[in-house]
Amino acid sequence: MSNDTSPTMRPYARHLLICENGDCAPPEAAALLQQQFLELARERGLTKLANPQRIKCTLTDCLGVCSGGPILAVYPDGIWYHHVDAAALARIITEHLIGGRPVEELIFHRLTTEPVEAPHGEVATTDEGAATPAPTAAERETRGTLPESTPQAREQRKAAREKRVTKGLLIVNTGNGKGKTTAALGVITRAWGRDMRIGGIQFFKHENANYGELRALKRMGVTLTPMGDGFTWTSRDMDETQARALHGWEVAKEHIASGDYDIFVLDEFTYVMHFGWLDAAEVVAWLRANKPPMLHLIITGRDAPPVLIEAADLVTEMREIKHPYRDQGIRAQKGVEF
Ligand code: FES
């Protein structure tokens with residue numbers, strides 16, 4: 001029998017590792033970074049299989065730094081970058097991987113003093129889905145020592161893992177773009193999949209609202225209670241709207257302080273503060289004093305007050321770039337908007 005069918009290795013010029021452990025940056029940030037890498041590499045025509053110069057980009061177990069994530073390591077260069085966002089990634093690709101000059105101000109650790117050139121003088125392509133064997137111990141020896149390969153580094157890594165901090169987050173989804181409530185619903189879905197205790201109040205949705213998300217939540221056994229009379233610009237009676245919103249806050253306070261929830265959503269709650277019906281500083285002070293430490297509280301709505309943003313652990317601003325109604329006159333559609 002012939003041995004002609006032995007597998008062949010397709011060489012990679014570089015291997016990018018992105019830590020997805022989640023201690024110093026959310027695992028979602030690592031996954032997003034990997035996705036962005038693939039998109040940028042594609043844009044630059046670097047994904048063609050025919051190209052002999054290739055880069056492998058993989059998510060990895062903890063790189064053992066646990067500070068200043070997302071962390072991205074470039075091998076065999078032995079260069080570690082921290083705080084890597086989309087802009088930093090674009091620079092790393094253009095200046096380091098293509099241009100051959102590491103982005104000095106983003107480097108926090110270097111395993112070698114001399115930059116390592118890609119085998120073919122410039123960047124290799126990526127190849128989504130192709131398997132790359134991890135470097136062997138011998139390869140690691142010759143390239144410089146990977147942090148997890150020394151007893152001291154293993155100890156550091158273990159200590160970092162044991163120090164893992166968990167905390168109930170105050171999350172704010174704000175901005176003029178769509179997706180603030182939708183993002184909160186995404187977290188609810190994730191938490192539901194983890195058998196967590198979920199609740200919430202929708203401050204302005206009519207109490208008889210029966211939107212798609214509410215139907216879905218009902219089937220999931222999750223209560224997100226609409227307590228409003230419709231949104232303010234359709235309200236005939238602003239006093240009624242305000243009274244309902246303030247009542248909603250009283251109900252919310254009871255739920256939040258009860259300890260009965262792991263995740264609680266205050267949907268469109270920013271408006272209650274923005275309209276001056278509640279003092280934002282007082283709301284924040286109340287949350288500081290009464291929110292159970294492990295409760296994740298999500299607040300949505302435009303115009304989040306600065307004091308709330310200051311107090312929050314995670315703030316995301318949705319920015320509208322295109323809108324089907326504004327650009328094409330397409331109204332809200334079932335299953336997408338409601
Ligand atoms: S979680 Fe930060 S390096 Fe792994």
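These are my notebook entries from a walk through this predicted model.

**Ground rules**

I count residues from 1 along each chain, in the order its sequence is written. The model is predicted, so I take local features only at pLDDT of at least 70 and side-chain atom pairs only at pLDDT 80 or more, while totals for chains, interfaces and linings use all residues.

**Overview**

I started with the inventory: the protein chain has 11 helices and 12 strands. Here helices (H or I, at least four residues) and strands (E, at least two) are DSSP runs, numbered from the N terminus.

Next I looked up burial. Of the 338 residues of the protein chain, 32% are buried. A residue is buried if 20 or more other C-beta atoms lie within 10 Å of its own, exposed if 12 or fewer, and partly exposed in between, with C-beta atoms placed from the backbone.

Then contacts, meaning two residues whose C-beta atoms, placed from the backbone, lie within 7 Å. I took the contacts between residues at least 6 apart in sequence, and 76% of them join residues at least 24 apart.

**The six-stranded sheet**

I traced an open sheet of 6 strands with parallel pairing, in the order E9-E8-E10-E11-E7-E12. Two strands pair if DSSP finds at least two bridges between them. Which strands stand at the edges? They are E9 and E12 (314–318), each with a single partner strand, so one side of each has no neighbour in the sheet. From one strand to the next the twist averages 15°. For angles like this I note the rule: axes are lines fitted to C-alpha atoms, for helices over the stretch in contact, and angles run from 0 to 180 degrees between N-to-C directions.

I zoomed in on E8, residues 198–206, and found it mostly covered, with 7 of its 9 residues buried. On one side, 5 bridges tie E8 to E10 (residues 263–267) in parallel, and Ile198 has Ile263 as its bridge partner there. E8 also has 5 bridges to E9 (residues 223–228), again parallel, with Gly200 opposite Leu224. The chain gets from E8 to E9 through helix H6 (residues 212–220), and this β-α-β crossover is right-handed. Right-handed means that, with the strands pointing away from the viewer, the path from the first strand over the helix to the second runs clockwise.

At E12 I found 5 bridges to E7 (residues 170–175), and the two strands run parallel. Asn173 stands opposite Thr316 in this pair.

I also checked what covers the sheet. Helix H7 (residues 238–258) lies across E8, E9, E10 and E11 (296–300), running at about 150° to E9.

I turned to H1 (residues 27–43) and H2 (residues 86–98), which pack at an angle of about 45° with their axes 10 Å apart. That makes H1 and H2 oblique to each other. Angles under 35 degrees count as roughly parallel, over 145 as roughly antiparallel, 65 to 115 as roughly perpendicular and the rest as oblique. H1 passes H2 in a right-handed crossing. A crossing is right-handed if the near helix is turned clockwise from the far one by less than a right angle, and left-handed if anticlockwise. At the meeting place, Leu33, Gln36, Phe37 and Leu40 of H1 touch Ala86, Leu89, Ala90 and Ile93 of H2.

**A stop at Ala280**

Ala280 lies in helix H9 (residues 280–290). Is Ala280 buried or exposed? I find it buried, because it has 20 C-beta neighbours inside 10 Å. Leaving out neighbours within four places in sequence, Ala280 is in contact with Met273, Pro305, Val307 and Leu308. Its C-alpha atom is 9.2 Å from that of Ala304, 24 residues apart along the chain.

Most residues other than glycine have a negative phi, and most peptide bonds are trans. So I looked up the exceptions.

The bond from Gly69 to Pro70 is cis, with omega near -5°, and Pro70 sits in the loop between E2 (54–60) and E3 (72–75). Tyr75 and Pro76 are also joined by a cis peptide bond, with omega about 10°. Pro76 is in the loop between E3 and E4 (79–81).

His83 is not a glycine, yet its phi is positive at about 45°. I place His83 in the loop between E4 and H2, partly exposed with 15 other C-beta atoms within 10 Å. Asp303 has a positive phi too, near 55°. Asp303 lies in the loop between E11 and H10 (306–311) and is exposed, with 12 other C-beta atoms within 10 Å.
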